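Subject: Structure handover, aromatic pairs

Hello,

Please find the structure below. My notes on its aromatic rings follow.

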Amino acid sequence: YCPHLWDDIGEQFFAADLVIANLETPVLLTKPKSLVPEVMLSEMHFNADREMFDLFNGQDRFKGFDFLSTANNHSMDMGEEGVMGSIEFLRSKGIKQQGIASNAEEAIAPVYIEIKGIRFAFMSWTYSLNKCKVPDDKTWMVNYLRVNESGVDLNPIIEQAREAKINGKANVLILSLHYGNAYQSYPGMHIRKNTSRIFGEAGIDLILGGHPHNMQPMESYPFTCPWTSMSKKGWVIYSLGDFVAYDIYTLCHMPIWLQIKWNVYDAEDGKRQVLMSELSARPIYLMGNYESDDKRDLRLLDALQLEALIIEGKKPDAMPAKLIPEFTALMAYYRRHFNVAISGDRSRA
C-alpha cells in the first residue's frame, strides 16, 4: 500500500543533517514479519523484515535515518534473539541506535553523533515492556525505567547524562522517552512531574516522547544545569504520535514532524555555546485511502501545504473528498495543541 509513501515529504524530510525516529519493532530476519491487526483484540508481538524496514527507511530513494531510539514497549517482542538480531541488522545498515544493548557497557553509554562541530548525545528509555521481561541475568538488554510512576529513581538517566556532559563528550543531550498513556490528548501528572525532574536532575536539553499514539503538546522547562550551573530552557514534546502506523483512531493519523536548528555562538567568557535557534512542530497527515481491498494507498503528506491546497479547492488527486472532514478536524486539533514556531529563542544547550 506504500509505493507513494514518501512522494510528498521524503526529499525535505531526509535532507536534514540528522534524521531520527523511534523504531517500535524488532527486526529479526530469521523469523517472519508480524503485522499489527486492524482491530487489536489480543497481545501483539511485532517483527519487521528487510522489505518493511527499507520501505519506512526511505525506500532507497533517500538517505534514511541516522539514529533510531529502540527502547519501547515492543523491544522484547521477539525475545533476546530479537534484541540481538535488531542490533546486528541496524549495524549492517550503518544506523546508530540506543535503547537496546548486547552488553552492560553498551547499555549505559550514550550514542554520540557529531554534525558540523556540534556533538549530540542520544539516550533512549521506556517505561514498559508490555508483559515481556528481560532475562534476570541480562537486565541491561533494554533501558527500562518506570517513568510513569511517582517518585521514580532517575539515577540511570542521570548517570548517562553525567557521562556525556562531565567529560565534555557532548554539547546537546537528547532523550527519547517512551512514556505516557495511549490515546490520551494530554500527559498525566506523574509524567509532567518526572519530566521536570529529568531536566533539572539530568540536564537534558530535549525530550522526545512517544507511546500515546496521537500527538500531545510541547512544553518548555527553565532549569539550572546540574553539570554546568548554567540557566537553561529544556523542551519536551510529550508525544510525536504514530508516524507510519495507520490506527483505527482518527487522532493517530496526524504525527508531528519536529524540526530543530542548533547553532554555535561565542559566549562572553570566550567559550563556545551551542544554542537552539529554531524549533517548529510541523504536522504530517497520514493519508489512508482504503477505497477497496485492491485499492489502498498510504501517504505521508505535509499537512500545512495540503491545507493551503484544500482552501484553494486544489486537493491532490490521490486524496478522496471523503477524507477532507477528517483532515479538517485534525488540523483544528493540531492548532489547539501546537501552533509552535520558535525562532531566535536561543535555548541554552
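Ring pairs join Trp6, Phe13, Phe14, Phe62, Phe65, Phe243 and Trp257 into one cluster. This is a predicted model, in which local features need pLDDT of at least 70, side-chain atom pairs count only at pLDDT 80 or more, and totals for chains, interfaces and linings use all residues. Residues are numbered from 1 along each chain as its sequence is written, and side-chain values use heavy atoms, with hydrogens and water left out.

Rings of Phe, Tyr and Trp (its six-membered ring) pair if their centres lie within 6.5 Å; planes under 30 degrees apart are stacked, over 60 edge-to-face, and the rest tilted. The whole structure holds 19 aromatic pairs.

One of them is Phe14 with Phe62, stacked at 5.7 Å centre to centre with 15° between the planes. Phe14 is in the loop between helix 1 (10-13) and strand 1 (20-22), and Phe62 in the loop between helix 2 (50-56) and strand 2 (67-69), so the pair ties together parts 48 residues apart in sequence. Helices (H or I, at least four residues) and strands (E, at least two) are DSSP runs, numbered from the N terminus. Phe14 is buried, at 5% relative accessibility (buried means under 20% relative accessible area, with a 1.4 Å probe and protein chains only).

Phe53 and Phe89 pair edge-to-face, 5.0 Å centre to centre and 85° between the planes. Phe53 lies in helix 2 and Phe89 in helix 3 (residues 79-93), so this pair ties together parts 36 residues apart in sequence. Phe53 is buried at 7%, and Phe89 is buried at 3%.

Regards

How values were computed
Buried means under 20% relative accessible area, exposed over 50%, partly exposed in between (1.4 Å probe, protein chains only).
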